[in-house]
Amino acid sequence: MNQVMPCPSPFARLALALLMLTCPAGPLLAAQETNPVFEHFEGRWRYSYTILPDTTGGGTETHRTLPGGRWQVAEFEGQMFERPYSAHGVLGFDPDSGAYRNAFYDNYKLEPVIARGEFDPQTRLFVKLAEGVDYQGRACVWRQEMDLSDPLRYGLSMVAVYPDGEEVLTVEGHAERLVDAARERPFWMGCFDAVPWFARGEVPNAETRLMELVSSQGLRRFSEEWIAAAMEAAGPLEGWLDEGQRSQRPVFWYVPALEGQHVILPHLLDRYVEVGLLSDPDFAELLRRRFVAVKCAAGGELARRYGLLPPDFLEPGYLVLDADGEVLAQVDRLFMFQAEPHRRMLEGLLAELGNDAAHSAQFVAADAEWRAEPGLGQGLALAREALLDGAPARAHAVLAELKAHSAQDPGIALLEARLARVAHDAPAGRSALARIERATASPRTLLALEAEAGRLALGAGEFDTAAGHFERVFEVGGEDAAECGYQLGAVHYLSAREDAALGVWRALVEAHPASPWAPRAAAHLTIAGDGLRGEGPLTRAMQRLTWSAPVTREHGTRAPRGLDAEEAVVARAREVLLAQQRPNGAGYGAHWGGAGAAPPDEAVGEGPGVFGNIHTAISALAATALVAWRDVAPERVDAALARAQGYLLRDDLVVRGEAMGWVYADAFRIAYLLARHPERDTWDDELLDHEAAWIDAIVEWQAQNGGPIRHFSYGSTFVTALVTLVLADAREHGADVPGQVFEQTAAVLEGAREGDTGLFGYLVDAPALNRTPAGAACRQPLCTLALLRCGATDAGDVVRGLRTWFEHYAKFIEPPRYTNFHMSELDGSAGYFFFHNLFATAWAIERCGAQAAGEDFAGRLRELVLELPEVDGTFVDSGVSYGKSYGTAMALLALARLRG
């Protein structure tokens with residue numbers, strides 16, 4: 001398109017928008033025959049649009065195909081220009097001319113809009129054309145395009161095409177299918193219904209949009225109305241406990257929210273728990289059978305009674321209570337959303353309780369049948385029920401008896417493989433499957449074998465092997481087809497085959513809409529409100545599918561310290577970064593959607609604005625971490641670095657000026673080049689030109705701001721210090737960095753430092769406003785090291801900064817990882833845990849640790865870092881804001897600097 005023109009008049013905008021709100025159509029094959037596109041649009045949708053540049057509207061639409069299949073009608077209700085809007089569309093297909101005819105009427109005009117259209121069944125693109133004039137009276141043809149490739153969503157745009165070939169984009173929008181029309185919920189929100197919550201009424205959830213803006217930085221929390229409604233719907237605690245006593249089952253209490261604002265973007269975390277954990281069919285079945293499952297926010301006396309107050313407890317999390325209300329287990333700070341580690345913890349708890357009477361009715365019936373007639377079929381049924389009931393020990397006992405009598409039966413081999421999978425023993429599982437004679441096995445057995453082989457390969461991280469098994473089952477069908485389709489899509493996505501993943505998930509939704517796997521697949525097909533792919537954790541790089549250690553009651557999702565040496569921790573973390581790299585080379589992981597955000601397209605990191613800036617910065621950190629630990633797997637790392645460098649050299653993804661985060665993108669790209677190409681004489685002109693351009697941009701930006709190097713709307717000491725350290729390294733490496741950079745930084749940091757204590761403030765303009773002893777301790781190593789590199793202090797000052805950090809770290813080490821650190825008791829602690837604490841402190845230790853003989857700063861910090869990985873091998877930082885790639889990269893970089 002040549003240009004985009006604003007539309008100045010509301011009435012002119014209305015005229016341009018009318019054509020957009022028309023009934024989608026498709027080819028009519030013949031009278032009485034099914035029209036696939038009519039079927040696609042049959043039902044109810046929620047639509048929204050933007051009339052460029054900034055007029056928005058939306059509402060609901062209902063499509064109904066008339067008897068005979070020749071016509072489809074549509075009704076629209078909503079708002080346009082903040083006024084009620086209603087419309088009626090009729091569309092049909094002329095089999096003689098092969099054209100579509102569309103007439104559209106609304107409450108704003110007497111004359112209908114008449115359009116003709118064509119549909120391409122290969123591209124699924126429907127195009128309508130109507131002759132008219134634009135708002136300036138120029139003759140044009142209005143072209144409306146509708147992308148019908150997604151069964152749950154369609155996109156649309158409208159362009160004015162002029163006789164000279166000029167094209168002007170005027171309208172953009174989309175619609176989402178509302179499967180549960182009564183509640184107007186998209187299909188993917190069926191994930192929220194997987195668990196039958198106790199005393200559940202119409203419990204509002206995060207997706208009802210009962211969110212409220214609580215700060216100018218765009219941080220969100222659950223509203224007081226949401227929390228009150230959720231507590232009322234769940235009923236009083238006494239009701240939960242009475243049900244537990246009656247059924248002899250413990251209470252599983254999921255806590256999605258606390259009163260007040262403690263966690264950044266808690267609604268995203270709740271969504272990830274619902275889509276990634278609670279909607280897992282096996283996990284949901286375990287809750288249904290063995291627990292009284294309650295979803296209830298915590299506030300008032302209920303929160304105080306159980307100590308559900310920050311920072312001791314941070315949402316989302318869950319508790320398990322006995323019939324007297326005593327806590328049997330508590331897991332909070334949920335940033336692991338795969339179900340299996342949580343399920344294994346709950347199974348262990350149930351085994352300790354030893355409450356056989358609490359088994360499900362299905363298990364009890366199967367057990368009685370087995371005892372009355374201990375045949376093969378009854379035994380296999382009992383073992384399967386035992387696994388669903390969270391009693392793998394009982395399944396093992398049954399298997400032992402079955403093998404004593406019928407060891408060669410295929411059903412026993414499948415059961416043995418399944419139990420081996422539960423134990424994370426892929427070789428034993430494959431050995432069991434190998435005993436099945438494929439030549440004589442039934443088709444059903446062969447499909448079950450393929451599905452189980454795929455699950456074993458998936459858990460072991462053998463994605464290509466898993467994909468082959470899952471694909472065969474999904475193509476043939478059967479009882480495991482829906483699950484295999486979901487897992488096949490997941491394997492494709494995590495293997496950087498995104499188009500293949502989306503295609504499989506769409507096929508799953510269409511072929512198995514009643515399966516519990518369908519809404520989970522649909523969650524990954526959507527484009528969320530922040531413009532990123534998916535509503536669940538899988539496509540947001542927040543969920544892994546390979547086996548991991550179980551969650552524990554003592555440590556929650558944190559990996560117990562002492563189980564592995566540093567080499568094993570590093571190996572798992574490196575695998576995380578390699579696995580999460582996207583096809584375009586980006587190290588995916590950011591969710592931050594603050595001021596100035598411009599949504600990227602479906603390829604992560606594409607598009608200007610805050611997402612492009614932050615994804616570029618995170619990608620640079622991830623690539624630099626891989627460089628630091630390249631020796632562990634050089635061939636795989638080099639392939640990833642080649643992709644990453646191509647991405648990092650793209651300046652079209654970075655928006656400078658007032659856009660948030662671009663200084664990080666430029667600074668960390670410089671740091672990457674220094675690490676990846678340590679010998680400057682090996683640099684080609686392209687690398688030299690990029691480095692010079694990034695340095696010039698930062699230098700100019702600092703000069704414009706009079707000393708501070710801002711990453712956002714305010715000047716801060718920690719950003720100024722960190723970026724200056726990168727520039728100091730570049731100068732040391734031979735780059736041309738003007739001396740005034742270091743003079744200006746020294747003046748900024750000295751001006752923000754308190755004379756009596758030597759503590760640095762958070763803000764440059766108002767340093768005393770955000771300076772508490774514990775909070776300021778986070779900045780001491782970073783800022784003193786920056787002063788040292790600027791020639792404004794000595795190494796002893798850095799050592800004193802390190803001592804201050806270690807004096808206070810126990811107070812700030814947890815809250816900045818999880819909470820909204822800007823509003824905590826450590827107000828102004830800043831900075832994103834690994835980012836400005838561990839990473840910067842490791843940098844200071846590397847540079848000045850020799851001046852602190854006997855204090856072993858490096859050993860102490862190394863031990864601290866090794867205490868922090870999650871059981872899936874990731875390091876979590878600042879909730880969902882920067883994701884697992886960011887935290888994992890920073891942890892690896894800190895450990896690398898501590899190696900010396």
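1. The model is a predicted one, in which local features need pLDDT of at least 70 and side-chain atom pairs count only at pLDDT 80 or more, whereas totals for chains, interfaces and linings use all residues. Residues are numbered from 1 along each chain as its sequence is written, and side-chain values use heavy atoms, with hydrogens and water left out.

2. Helix α23 covers residues 685–704 and has 20 residues, helices being DSSP runs of H or I with at least four residues and strands runs of E with at least two, numbered from the N terminus. From first C-alpha to last, α23 reaches 28 Å, close to the 28 Å expected at 1.5 Å a residue, where the expected span is 1.5 Å times one less than the number of residues. After α23 comes G706, whose phi is positive, near 70 degrees.

3. The buried residues of α23 include L687, W694, I698 and W701, buried meaning under 20% relative accessible area with a 1.4 Å probe, protein chains only. An α-helix has 3.6 residues a turn, so residues three or four places apart point the same way. Among the elements that cover the buried residues of α23 are α21 (634–648), α22 (662–676), α24 and α25 (740–751).

4. Elsewhere, four strands form an open sheet in the order β15-β14-β16-β17, with mixed pairing, two strands being paired if DSSP finds at least two bridges between them. The edge strands, β15 (292–295) and β17 (327–331), each pair on one side only. Strand β16 (residues 317–321) pairs with β17 in the antiparallel sense over four bridges, and L321 stands opposite V327 in β17.

5. For the chain as a whole, there are 32 helices and 17 strands, and buried residues make up 60% of the 900 residues.

Methods:
Buried < 20%, exposed > 50% of the residue type's maximum accessible area, 1.4 Å probe, protein only. Contact = heavy atoms within 4.5 Å.
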